[in-house]
Amino acid sequence: MNLILLGPPGAGKGTQAKRLEQSHGLVQLATGDMLRAAVASGSDLGKRVKAIMDSGALVSDDIIIEMIGARIAEPDARPSGSKGGFILDGFPRTVPQAEALDLMLGTQGRKLDYVILMEVDEPALIDRLSGRFTCRNCGASYHERYQRPKLEGVCDLCGSTDLVHRADDRPEALGTRFAAYRNQTAPILPYYRDRGILRRVDGMAPMDEVTRQIEAVLAGNAVAR
């Protein structure tokens, strides 16, 4: 099973990807993580990526595709029986990237099974995210309205008083991030819809309900729209 998960920041892609990793033996592939791993590996590809990143230039689509191709050829990203495959997060973002991805997968005798769009109500999600804060010491998550610490200003898990709001969770920053997501994602939706593999789930639903909807997609019980 080979998937792309689409959704704006905070839609819950990471949570759902982890559940899919556990339930279906899939591997989540985030291009940012892959670029850092390639550089750390010291491989020929990694050295090329490092030189480009050190120069301040953007890594080309060709290199990103080459990197993804090498990664999904590894045993943990290949299907085995009814399990295995990959989840792409952060790529593709343009129609040429989507076309290049399809071509590369074809050379490996593989294809995308589904592109799953986690639809959200942007104002409601911005309101939800802008209230988040975390413990800098242990990473525990809280919310100004929905999940405050039992003792004000003190982490329930580790007792630290170093509770912080992320700068990119402020409403103005979230608005910018959402706009960038829309601009990047909108062009590729018709591409995958025309191929019949785009599926939509309600990203505002409770976490377990989102998982149920995604499982229905994978079982072939969700209608394309």
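Leaving aside neighbours within four places in sequence, Ile68 is in contact with Thr31, Met34, Leu88, Phe91, Leu101 and Met104, contact being defined as heavy atoms within 4.5 Å. The structure is a predicted model, in which local features need pLDDT of at least 70, side-chain atom pairs count only at pLDDT 80 or more, and totals for chains, interfaces and linings use all residues. Residues are numbered from 1 along each chain as its sequence is written, and side-chain values use heavy atoms, with hydrogens and water left out.

Ile68 is located in helix H4; helices (H or I, at least four residues) and strands (E, at least two) are DSSP runs, numbered from the N terminus. With a relative accessibility of 0%, Ile68 counts as buried, where buried means under 20% relative accessible area, exposed over 50%, and partly exposed in between (1.4 Å probe, protein chains only). The C-alpha atoms of Ile68 and Leu105 are 9.5 Å apart in space, while 37 residues separate the two in sequence.

In soluble globular proteins, nonpolar side chains tend to be buried together. A nonpolar core is here a set of buried Ala, Val, Leu, Ile, Met, Phe, Trp, Tyr and Cys residues joined through side-chain atoms within 4.5 Å. The largest such core holds 35 residues, of which Ile68, Leu101, Leu112 and Tyr192 touch the most other members. Helix H4 (residues 61-72) contributes the most to this core, with six residues. Another core, of 15 residues, lies apart from it and includes Leu3, Val201, Ile214 and Leu218. Not counting residues up to four places away in sequence, Tyr192 touches Ile4, Pro92, Ala98, Leu101, Leu112, Val115, Ile197 and Leu198.

Helix H4 also packs against helix H2 (residues 31-41), at an angle of about 85° and with the axes 11 Å apart. Axes are lines fitted to C-alpha atoms, for helices over the stretch in contact, and angles run from 0 to 180 degrees between N-to-C directions. H2 and H4 are therefore roughly perpendicular to each other, a class that covers angles of 65 to 115 degrees. Thr31, Met34, Leu35 and Ala38 of H2 make the contact with Ile64, Met67, Ile68 and Arg71 of H4.

A further buried site is His143, with a relative accessible area of 6%, in strand S6 (residues 141-143). The His143 side chain reaches the backbone nitrogen of Arg145 at 3.0 Å. Neighbours within four places in sequence set aside, His143 is in contact with Asp127, Arg128, Gly131, Arg132, Phe133 and Arg148.

How values were computed: A polar contact is a pair of N or O atoms within 3.5 Å; within protein, one must be able to donate a hydrogen and the other to accept it, and residues adjacent in sequence count only if both atoms are side-chain atoms. Angles under 35 degrees count as roughly parallel, over 145 as roughly antiparallel, 65 to 115 as roughly perpendicular and the rest as oblique.
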